[in-house]
Each structure stands twice: as C-alpha cells, then as structure tokens.
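Here's a quick briefing on pockets and strand pairing. Have a look at the model first, then read on.

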Amino acid sequence: MLFVNLPVTDLPRAVAFYTALGFRQNPAFSDDNAACIVVEEDQAAFMLLVRDFFQTFTDRPAGDPSTTVSTMTALMVESRGRVDEMASAGLASGGVEERPATDLGFMYQRQLSDPDGNVVELGWMHPAAAAQGPEAAAER
C-alpha cells in the first residue's frame, strides 16, 4: 500500500478538501495530528499530517508547500469529465488551480494546489495510450 504524507496547517480544512475530491477519511487512522484519506481501497492513501507532527518523521526541515513545490502527486481517473468534476469540487473546497488545464489529446490534466499548497494533478489518459504509449491513441 502506498501512503503519501503531506504537511498541513489546518487539518479539518485539509480533510474537507480531499473528501470533496471524492476520497474518504479512515477514522481508524485519524486523530488530532493526522488524517488518513483513502484514495483507492487497500492501494493508496494520503496521510495529512499537522506540520509539527510531520516534522517528527524527519531530521531535515520540512519545506513549506505554499512557497516551494517538492512533489506533485498525479492521480489518474476514468474520464475527462471526472477530472473536471473533481477539480471543480477541489476549487470549491479551497483549492487553487495555478495553471490552465493541459489537453494533449491522449491525456488531459488539471493541476490543483490544496489549501496548504501541496500539488495534486488530476488526469485522464486514453486507455490505448496508457497501455502502449501516446502514439497508440493517435492511431485510433
């Protein structure tokens, strides 16, 4: 299982953003310092960690995602429409779309920053391109 740990300043606000995207919170692994947001059951989750708690997992200083991008977590979904639905929900829950949508034909992406500045890319890829590369989608 993959866990993506993200530093946050306001845990309830961060939970509201990620659940608005359509993910669910796992209360068994959530408390005042952290919230487990299930992206795909038994596969992937975000661990939203209050900044002071996040810092206990590393001896190096934690960066500030509101000023410096260190990671971009890309999530591929089933359709372009679903990308737009999720982006709209994220924007309504405090997210920011810092760049316009990218449409490459075989792939469509929207990039949001959560309320703390952590970057989440929402995308769709044509199934032929996902299996065989971008050229395969162009042939269809």
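Helices (H or I, at least four residues) and strands (E, at least two) are DSSP runs, numbered from the N terminus. This is a predicted model, where local features need pLDDT of at least 70, side-chain atom pairs count only at pLDDT 80 or more, and totals for chains, interfaces and linings use all residues. Residues are numbered from 1 along each chain as its sequence is written, and side-chain values use heavy atoms, with hydrogens and water left out.

- A pocket is an open set of points on a 1 Å grid over the protein atoms alone where a 1.4 Å probe fits, with protein on both sides within 12 Å along at least five of seven lines; lining residues have an atom within 4 Å of a point.

**Second largest pocket**
- Of the 17 residues lining the second largest pocket, Phe23, Val39, Glu40, Ala44 and Leu75 sit closest to its centre.
- Strand 5 gives this lining the most, with four residues.

- Four strands make an open sheet in the order 5-8-7-6, with mixed pairing (two strands pair if DSSP finds at least two bridges between them).
- Strand 5 and strand 6 (102–103) are the edge strands, each pairing on one side only.
- Strand 7 (residues 107–113) and strand 8 (residues 119–125) run antiparallel over seven bridges.
- Glutamine 109 has glycine 123, in strand 8, as its bridge partner.
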